[in-house]
Amino acid sequence: MRSSISSSDPRRGTYARETAADRPGVAQPVPVRPVPAQPWGRILIGSVALFALLTGLWEWHWRDFGVTPGIRNSDGLWAIQRRRIDAGEGDATVIAASSRLFFDLQLDVWEQLDAKRPIQLAWEGTTPVPFLEDLAADPKFTGRVLVGVAPELYFSGWGLHKKAIKYAHDESPSQRIGQWLSMRFVEPYLAFYDPDFALAAVIKRLPWPDRPGRPSRLDVRKLSVTEADRNTHLWSKVETDPAYRALARRIWQQDFVPSPDDPPPAELEKMRNEQIERSVKAVATLRARGVKVLFVREPSTGPYLEFDNRLFPRATSWDVLLAKSGAPGIHFEDYPELQGLELPEWSHLAYADARKFTAALHAIVVRDFWPPPAAR
């Protein structure tokens, strides 16, 4: 007697395979789902065509918005630059900073003036203190380091990308290969491959209703364009599109308004002192090894400058940092050549002025702090 669900059972589809239930001795039959005959080849071709159409429309949408393909700033990209020190460039000039010196210092301009391209290790939205400590712990680094000081980030210890240090030291071969493939076959061709234009990010930005007592916040939008060696500048849309520039300013203004979530003055003081002490220790280690350390307070203006000064006044933050570390510093307010520049959203320089700023900063550095060997 054949099984009740044997291969001749008409309930099976043409493509249904036999299961263990078709063999004698099976106590509990396994349910089967008939698979009807379908034009699978045409379905596959149609699915691929639909995917290509939707992807093309998404790409067209963002290109129409003004986006162009570019290198994605990732932990893997940062790790490539960090490895340059271990690969023989330990005597290089390194940039450890937040977004201001990341966007404002143009590596090609510095290279033209200094004959050597710096290593860009800055990260937006992140205090550079952990990067300074990482350099201090690396005996292969014997060069010079420009440390950018954006008061809000530097003295609060806030950091979105601190994990990049661990990633760089622990990066696996498969991660390196993935970074290589992405940089050569994906990023140069797809404009929407920026995190700001990912579908999940776009959905999150939709005007969802606020939860009671928890008003929503606008996330920081795309502000910059990055090259393969992390040379970065402000995105032209921030300069030329009044609506987008206003959006960028509105996002910053969220932090300028006092909030119940703001830390009390005593907590701010504690954070500031902790970051200064960590900096002092790292600078002492670096200088004992012959590394030159130079702090740079980059330009800000308008409401952002007012916010910086209110949160961490110069006298109790910048001045104390220099005094305790013994390292010199360049504060933009002390140098006329670093003033009068255009900052479209109050915090980062327009591309043309970033190039002027880089040239002026290099001239100050060479004249007052790091003269070339012949001058020394």
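Axes are lines fitted to C-alpha atoms, for helices over the stretch in contact (heavy atoms within 4.5 Å), and angles run from 0 to 180 degrees between N-to-C directions. Helices (H or I, at least four residues) and strands (E, at least two) are DSSP runs, numbered from the N terminus.

This is a predicted model, in which local features need pLDDT of at least 70 and side-chain atom pairs count only at pLDDT 80 or more, while totals for chains, interfaces and linings use all residues. Residues are numbered from 1 along each chain as its sequence is written, and side-chain values use heavy atoms, with hydrogens and water left out.

**Exercise 1.** Describe how helix α4 and helix α15 meet.

*Solution.* Begin with the axes: those of α4 (residues 107-114) and α15 (residues 351-368) come within 9 Å and cross at roughly 35°. Next, find the residues that make the contact, which include W110 and L113 of α4 and L361 and V365 of α15.

**Exercise 2.** Work out the strand order of the open sheet, and explain which strands stand at its edges.

*Solution.* The five strands follow the order β2-β1-β3-β6-β7, with parallel pairing. β2 (119-120) and β7 (329-331) each have a single partner strand, so one side of each is left without a neighbour in the sheet. Two strands pair if DSSP finds at least two bridges between them, and β1 (residues 93-96) joins β2 in the parallel sense over two bridges. In β2, Q120 is the bridge partner of I95.
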